[in-house]
Amino acid sequence: MPKTLTVIIIGAGMGGLATALRLRHAGFTVIVLEKQERLGGRSNVIEEDGFRVDTGPTILVMKDTFEELYRDIGQNLDERLHFTRLDPNYRIYFHDGSHLDLFNSMAQLAEEVERVEPGSTARLFEFIGASARKYRLGMPFVTRNFDRITDLMNPLTLWHLFQTQSYLRLYKQVGRYFKSDKLRKAFSFHSMFLGLSPFAAPAIYSLITYADLVLGMWYPKGGIYSVVEDMAALAHEMGIELRTNAAVEEICIEGGRIRGVRLASGEQLPADLVISNADLPYTYQKLIPAAHRRQYTDERLARMDYACSGYLLYLGLDKVYPGLQHQALYFSADYRGTLEAIFKTKALPEEPSFHLNSPTVTDPSLAPPGHSLLYVLAPMPNLDGSPVDWDHAAPLVREQLLSRLEQIVGPDLRQHIVWERQWTPLDFQTRLNAVHGTAFGSLAQGFFQSAYFRPHNQARDIEGLYFVGQGTYPGIGMPMVLISSRLVTERIVQQWR
C-alpha cells in the first residue's frame, strides 16, 4: 500500500468485529462505529439482577470458522475461551408429550430414532451420508468470492445438484428417508435458522443438519457474548478504534467514490473505504443517498424475499429444574399450519413452535445460586405486510408459551419467575435496524438469494464500499458471517495492497 488506508466499519456485529481484526492484522487503520450502547449487533447480552443471557445466538456450530479467524490474526481460540460440546444437541418435544434426543453419538442417535420409528436405522445412516455429500459438494460454494455467474452455474455444479437432488424441498427429501412425521420434523427444522420454512427450503440445506450432528455444537463459557467480549479485547490490543453510541446517518459519496461517513451527531469522519455490517437493505435504503443507488433501488429491495421474525421471552427463575437439556425444541401439532402462518399469511400461529434454551444447565454462573435461565424463541412473521398488532399480540404469545412451558419444564413455573424480558419483531426493527423486523438475518436464503445471487460483498456502482455479515454471501448464521469477513478481507487486500 502506498499509504496506510483508513477503513470505517459500520456495525459491530460479529462480522464487523471479525473484519476489523483481519484488516488491522493486514495493516489497515480501522474504526468501528456501533449504534447501540454495546458491541455485538444481533449477538448481544442482557445483564440484570444477577442474570446474564444472550439475546441472539446461543450455541456455536462449525467451530472451525472461529478457530480460523483466531489463527488468521495469530491467536489461539481455545487458549482464550473455554468451550463445552453439547450432547445431545437438542431434545425435541412433541405435542403428544413424547420427546426425542438428537445425539451426536451415532449409536445413541440410532437408538432414539428406532424408538420413534422401528427399523429406521439404515435409513438414518443413508440420510446422514447423503447430507455429508451435500456438505462436501456445497461448502466450496460457501467459502469463496463470486465475480461472475459461471462461478456458480456451470455443468459440474448442475450435475451435482441433480445427483444429490438438492433442488427438491427439504421436508420432502427428508420424507424419503423417514415415514414418521416426528422424524421428518426432527431432521428438517434447521432451515428455520436461515429464515426459511422446511417446506420451501432447498434440500441442499440438509448439510446444516449434518454439520450440527457430526461436527457438533459448542457452548462458550459465559455464553456467546463472551466471544464478542474477547474479540473486542483483541481489537483494543491491536489498536482498533471502537465507538459505541455512534449511529451512522449517511455514507458520504462523491463522484461515485466513498469519502467517509456522517454520524447522527453531525460529525463527519473521512475514510478510504467503508464496510457496512449493518442490515444490507437498511444500508441501501437509509444510508446511501438515492442518487447513488443504481444497483439496489427501493423497487428491487421490495421484490426480495425476507426472512421470518421471532418473539423472544427471557425468564429468570428462582428454582433449578432437573432433567432439562441445554437446548430443546417444541413442535406444535399443526406444524405445517404454523409455518404457513409465519411465511404465507403473515399471521400469528394458532400454537407456536419454539426453541428452548436453558444455558444454566451447562453454565450455572449465568444466574444467582439456586436460580436458572430460560430463553424461548418462537418464529413469527416479519412485519412486511403482516396484520399482527404486537402491542396486542405479545401478551397472547407469552401466555401460550408459558402454558406449554408448564407442561415441559414444571407446572409451578410461573410462581418461580423473578426476572423477565421480551423482544418482539418491533424490537428487531428499532434496536437493530433490521428491515421488516427480521430475526435471523434480513434476506431469506432461498436458491436465488444464495451464493452468486446473494448481494455481493463489493458494491458495483460505488467505489470503496463493501459489505460483510448475513446480508451478503455466504449468508445467515455466525459461521457464515465469519466466512463473509474472510471473503471481504481477501477482496480488499487483493485490491488495495
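**Close-up views of a predicted model**

**View 1. A hairpin with a positive phi at Asp49.** In the hairpin of β3 and β4, which has two residues between the strands, Asp49 takes a positive phi near 50 degrees. This is a predicted model, where local features need pLDDT of at least 70, side-chain atom pairs count only at pLDDT 80 or more, and totals for chains, interfaces and linings use all residues. Residues are numbered from 1 along each chain as its sequence is written, and side-chain values use heavy atoms, with hydrogens and water left out. β3 covers residues 45–48 and β4 covers residues 51–54; the two run antiparallel and are joined by four bridges. Look for Ile46: its bridge partner in β4 is Val53. A quick note on the names: strands (E, at least two residues) and helices (H or I, at least four residues) are DSSP runs, numbered from the N terminus. Two strands pair if DSSP finds at least two bridges between them.

**View 2. Three strands side by side.** Here you see an open sheet of three strands, ordered β5-β9-β6, with antiparallel pairing. Its edge strands, each pairing on one side only, are β5 (60–61) and β6 (83–85). Two bridges tie β5 to β9 (residues 217–220). What holds paired strands of a sheet together in general? Strands pair through backbone hydrogen bonds, either parallel or antiparallel.

**View 3. A seven-strand sheet with mixed pairing.** This open sheet runs in the order β8-β7-β16-β17-β18-β15-β19. At its edges are β8 (99–102) and β19 (417–423), each pairing on one side only. From one strand to the next, the twist averages 20 degrees. Further in, nine bridges link β15 (residues 309–317) with β18 (residues 372–380), and these two strands run antiparallel. Ser309 stands opposite Met380 in β18, a handy pair to pick out.

**View 4. Helix α1 packed with α10.** Helix α1 spans residues 14–25 and helix α10 spans residues 225–238; their axes are 10 Å apart, at an angle of about 30 degrees. That makes α1 roughly parallel to α10, since angles under 35 degrees count as roughly parallel, over 145 as roughly antiparallel, 65 to 115 as roughly perpendicular and the rest as oblique. The axes are lines fitted to C-alpha atoms, for helices over the stretch in contact, and the angles run from 0 to 180 degrees between N-to-C directions. On the α1 side, the residues making the contact include Leu17 and Leu21, and on the α10 side they include Met231 and Leu234. Contact means heavy atoms within 4.5 Å.

**View 5. Helix α1 with α2.** The axes of α1 and α2 (residues 63–72) come within 9 Å and cross at roughly 30 degrees. Again the angle makes the helices roughly parallel, this time α1 to α2. Met14, Ala18, Arg22 and His25 of α1 meet Phe66, Glu68, Leu69 and Asp72 of α2.

**View 6. Two nonpolar cores.** The largest nonpolar core has 74 residues, and those touching the most other members are Ile92, Leu102, Leu109, Phe178 and Phe187. Apart from this core lies another, of 44 residues, with Leu21, Ile73, Leu81 and Leu234 among them. A nonpolar core is a set of buried Ala, Val, Leu, Ile, Met, Phe, Trp, Tyr and Cys residues joined through side-chain atoms within 4.5 Å. Which residues does Ile92 contact, leaving aside its neighbours within four places in sequence? They are Ser98, His99, Leu100, Leu102, Ala186, Phe189, Leu329 and Phe331.

**View 7. Two cis peptide bonds.** Pro88 sits in the loop between β6 and β7 (90–94). Another joins Tyr473 and Pro474, with omega about 5 degrees. For Pro474, check the loop between β20 (465–467) and α16 (478–496).

View 8. Lys346 has phi near 60 degrees, a positive value in a residue other than glycine, and lies in the loop between α13 (335–345) and β17 (354–357). Is Lys346 buried or exposed? Its relative accessibility is 15%, so Lys346 counts as buried. Buried means under 20% relative accessible area, exposed over 50%, and partly exposed in between (1.4 Å probe, protein chains only). His436 has phi near 65 degrees, also a positive value in a residue other than glycine. His436 lies in the loop between α15 (425–432) and β20, and is partly exposed, with a relative accessible area of 21%.
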